[in-house]
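Please look at it before reading on.

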Amino acid sequence: MSFVFVNRFSSIYRFFDGLRGKKHSFLWSLISSGILSSLTVISSASLVFAGDPFRTVNPRNISEETELAFKALFEEGNYVEAKEYLSLPKKSNFNDPMASALRASLAYTEQDWNNLDIYAQKTLDYAKAISNDDPLRSNLYLAVGNFLMGASEYQSNGAIAAITRLQAVFNYFDQAEKIDSTDPELNLIKGYLNLFLAVNLPFSSPQQAIANLQTYASPQYLVNRGIALAYRDLGDYDLALTFVNKALESTPLNPELYYLKGQILRKKGQTDNNILVLEEAVKNFDIAIAKIDQLPLEAVQKPLQREKRKTVETINQLKMVSQNK
């Protein structure tokens with residue numbers, strides 16, 4: 001195996017290792033969890049129906065606990081509540097791969113490597129179990145499970161150990177795409193992956209990834225959020241603000257969106273030396289800080305507080321410069 005090949009895959013895992021940090025903590029949960037399993041859950045008495053946030057045609061059903069965890073995490077940005085929902089006793093004997101994938105992704109955010117490994121393996125096991133009933137989701141969660149296992153192996157043994165897993169991720173995504181290339185859940189998960197690889201790795205096309213996400217993925221508020229993140233990293237702060245505001249219209253209770261808006265405004269204000277824009281960034285940081293206890297400590301709380309502090313310092317510096325002129 002050539003050095004270039006090894007370096008390519010190790011760079012991808014180094015990138016995803018950064019998802020735990022201040023810029024993309026929620027993205028790790030989004031990509032690694034697979035967003036949502038849309039599976040039929042059979043209880044001892046009857047079918048347990050839950051909402052499918054992706055499809056208006058041929059919707060699937062998920063467990064009540066998984067749906068609540070999804071809403072807590074992605075609509076409200078409440079990691080604590082999401083973890084509580086995932087710890088509730090199951091109302092059926094059906095093993096939902098989404099629940100285990102979410103548990104694994106939260107473990108990664110908390111740097112709990114033991115539980116990451118445990119729940120990543122469960123994700124693979126449960127994905128295999130649904131291969132006959134739902135081959136698209138089986139392949140989708142086999143991709144997710146291998147991604148999670150690769151992250152675990154990357155942490156313990158380095159990039160080379162994770163290469164085989166990463167190859168499997170793309171292989172399973174391809175298999176799922178052959179079954180239904182227009183599936184909105186598949187396109188949201190793979191779309192986020194492609195989008196952020198395109199933004200952060202060379203020889204990629206961010207605009208094509210953005211177009212695919214807009215055309216095929218759902219729900220829209222997560223599409224808008226992903227595009228806002230992409231434009232932020234591309235340095236197009238006006239477009240980033242447009243899309244984060246669209247996401248806020250649908251999910252105004254999520255503190256991570258205000259954190260993201262604050263980041264965008266901070267970058268725009270620093271670029272333009274604009275005190276008013278920087279002060280607006282602080283206001284959005286403060287909205288996020290009001291709910292800081294529901295966010296991960298290392299991944300979000302500390303970076304959020306640090307970014308607010310640095311923004312205030314920049315404002316004071318610009319004011320001093322203006323006064324001395």
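What is the handedness of the crossing of H13 and H15? In this predicted model, H13 and H15 cross in a left-handed manner. Two packed helices are described by the distance between their axes and the angle between them.

**H13 with H15**
- Helix H13 spans residues 255–272, and helix H15 covers residues 297–324.
- Their axes come within 11 Å and cross at roughly 30 degrees.
- H13 is therefore roughly parallel to H15, as angles under 35 degrees count as roughly parallel.
- From H13, the residues Glu 256, Tyr 259, Gln 263, Arg 266 and Gln 270 meet a set in H15 that includes Val 300, Pro 303 and Leu 304.
- Sorted by class, this contact has 4 nonpolar, 4 polar and 4 charged residues.

**Glu 256**
- Glu 256, which lies in H13, is buried, with a relative accessible area of 6%.
- The side chain of Glu 256 is joined to that of Tyr 79 by a polar contact of 3.1 Å.

**H14 with H15**
- Helix H14 runs over residues 275–289, and its axis comes within 10 Å of the axis of H15.
- The two axes cross at roughly 155 degrees, so H14 is roughly antiparallel to H15.
- The crossing of H14 and H15 is left-handed.
- Residues of H14 in this contact include Ile 275, Leu 278, Val 282 and Phe 285, and those of H15 include Leu 304, Val 312, Ile 315 and Leu 318.
- By class, the contact of H14 with H15 has 11 nonpolar, 2 polar and 5 charged residues.

Note on methods:
Residues are numbered from 1 along each chain as its sequence is written. This is a predicted model: local features need pLDDT of at least 70, side-chain atom pairs count only at pLDDT 80 or more; totals for chains, interfaces and linings use all residues. Side-chain values use heavy atoms; hydrogens and water are left out. Helices (H or I, at least four residues) and strands (E, at least two) are DSSP runs, numbered from the N terminus. Buried means under 20% relative accessible area, exposed over 50%, partly exposed in between (1.4 Å probe, protein chains only). A polar contact is a pair of N or O atoms within 3.5 Å; within protein, one must be able to donate a hydrogen and the other to accept it, and residues adjacent in sequence count only if both atoms are side-chain atoms. Axes are lines fitted to C-alpha atoms, for helices over the stretch in contact, and angles run from 0 to 180 degrees between N-to-C directions. Angles under 35 degrees count as roughly parallel, over 145 as roughly antiparallel, 65 to 115 as roughly perpendicular and the rest as oblique. A crossing is left-handed if the near helix is turned anticlockwise from the far one by less than a right angle, and right-handed if clockwise. Contact means heavy atoms within 4.5 Å. Ala, Val, Leu, Ile, Met, Phe, Trp, Tyr, Cys and Pro count as nonpolar, Asp, Glu, Lys and Arg as charged, and the others, Gly among them, as polar.
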